Amino acid sequence: MATTEQVLHMMDHYSASNYLPLPIVIEKAEGVWVEDASGRRYLDMLSAYSALNHGHRHPKIIQALKEQADQVTLVSRAFHSEKLAKFAQKLADFAGKDKILAMNTGAEAVETALKMARRWAYRVKGVPENQAEIIVCDGNFHGRTLTITSFSSEEEYKQDFGPFTPGFKRVPYGDLDALRAAITPNTAAFLVEPVQGEAGIIIPPAGFLSESYELCRQQRVLFIADEIQTGFGRTGKKFACDWEAVAPDVYILGKALGGGVIPVSAVAADDEVMSVFEPGSHGSTFGGNPLACAVALAALDVLEEERLAERSEELGRDFMKKLTSIKHPDIVQIRGRGLLIGIQLAVPARPYCEALARIGLLCKETHETTIRLAPPLVITEEELDFALIRLQEVFAGQGRA
């Protein structure tokens, strides 16, 4: 088995440097714990950016994976499979929509929703050809494809990747008046994250989601919620939009839908919107493959059976309260919803994340000055206390990191 140093050397030599991971090489994982090559254990407080809501290697999900792998793993969409049919029914019911369209990654699902919104605008709303507009928010993060990057407000994501895809407008996140002013007869959709995760766990002003949804309804604009990171219990509700009783026209789903095992994503919408797709208009060889669908079905079952959304709300509320007891001049704000929590610092967060890793707690900085905490939703109160003690130790023991 390669040593940590050998693995880091191979990554430096052979892999593109598009990430800056902490120097931890994970060899094993179970539940909320991971283990490196030397046998050292760490509490996972990142959950692969909320893809591990069910924890690592949940037994029921792994069992579903193994059983399906022994039957059939891929048929493409040239043929049918029972697992895709059952998955479509289960996820449509879960989301409260007529239909779903299965894809693989979150970015693919976002691209699917964008194509769907433009077609809906032309074919249903009557927007003139090639004039459809989609409104997004400053600070958005919906993926890394070229079209999605086109409407990012982060220059770092865009530098030297142009020319970009036209047809998008940006408004300040949480600014209802700006959204109202940006809507024109050609507006197809408003694409929004109910909580901006990558931007630093940014919660919109109270009422923004419900009021912007109502505005979109009045103006015949699709309200598209990107719940890739916030869905499936992460914020303490089934979907983060549930906090304001909003049922979006379109859900974009991913990450935890794959149970922390395999990439699965989807868009969910009612017939009027989903029917814009006809055979040949969109597709994916692996999208909706039986192996992914079997895993996703098990993941949805576990989410409901183990009441992960309720656990997230209860544990997150208590953990946030305890976190606010940590006083330190570097801490500007602690914010979050459920078990999606950001510690906003006045200084770079990376040294704190490195210090926490050295004492057995894994998390990651986002937007340089925010520590993102998003543990698996199966975490216990005792394990959260373990995390709290490590955070207290780093802040209290080191002064400014």
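Q: Of the contacts in the protein chain between residues at least 6 apart in sequence, what share joins residues at least 24 apart?
A: Happy to start here: this is a predicted model, where local features need pLDDT of at least 70, side-chain atom pairs count only at pLDDT 80 or more, and totals for chains, interfaces and linings use all residues. Residues are numbered from 1 along each chain as its sequence is written, and side-chain values use heavy atoms, with hydrogens and water left out. A contact means heavy atoms within 4.5 Å. Among contacts between residues at least 6 apart, the share joining residues at least 24 apart is 73%.

Q: Which radius of gyration does the protein chain have, and why does it agree with a compact globule?
A: The radius is taken over C-alpha atoms, and the globule rule is 2.2 Å times the number of residues to the power 0.38. For 401 residues a compact globule would come near 21 Å, so the chain agrees with its own value of 21 Å.

Q: Is glutamine 344 buried or exposed?
A: Buried means under 20% relative accessible area, exposed over 50%, and partly exposed in between, using a 1.4 Å probe and protein chains only. Glutamine 344 has 15% relative accessibility, so this residue counts as buried.

Q: Which side chain does the side chain of glutamine 344 join in a polar contact of 2.7 Å?
A: A polar contact is a pair of N or O atoms within 3.5 Å; within protein, one must be able to donate a hydrogen and the other to accept it, and residues adjacent in sequence count only if both atoms are side-chain atoms. For glutamine 344, the 2.7 Å partner is arginine 335.

Q: How much of the protein chain is buried?
A: The count runs over the 401 residues of the chain. The buried part is 54%.
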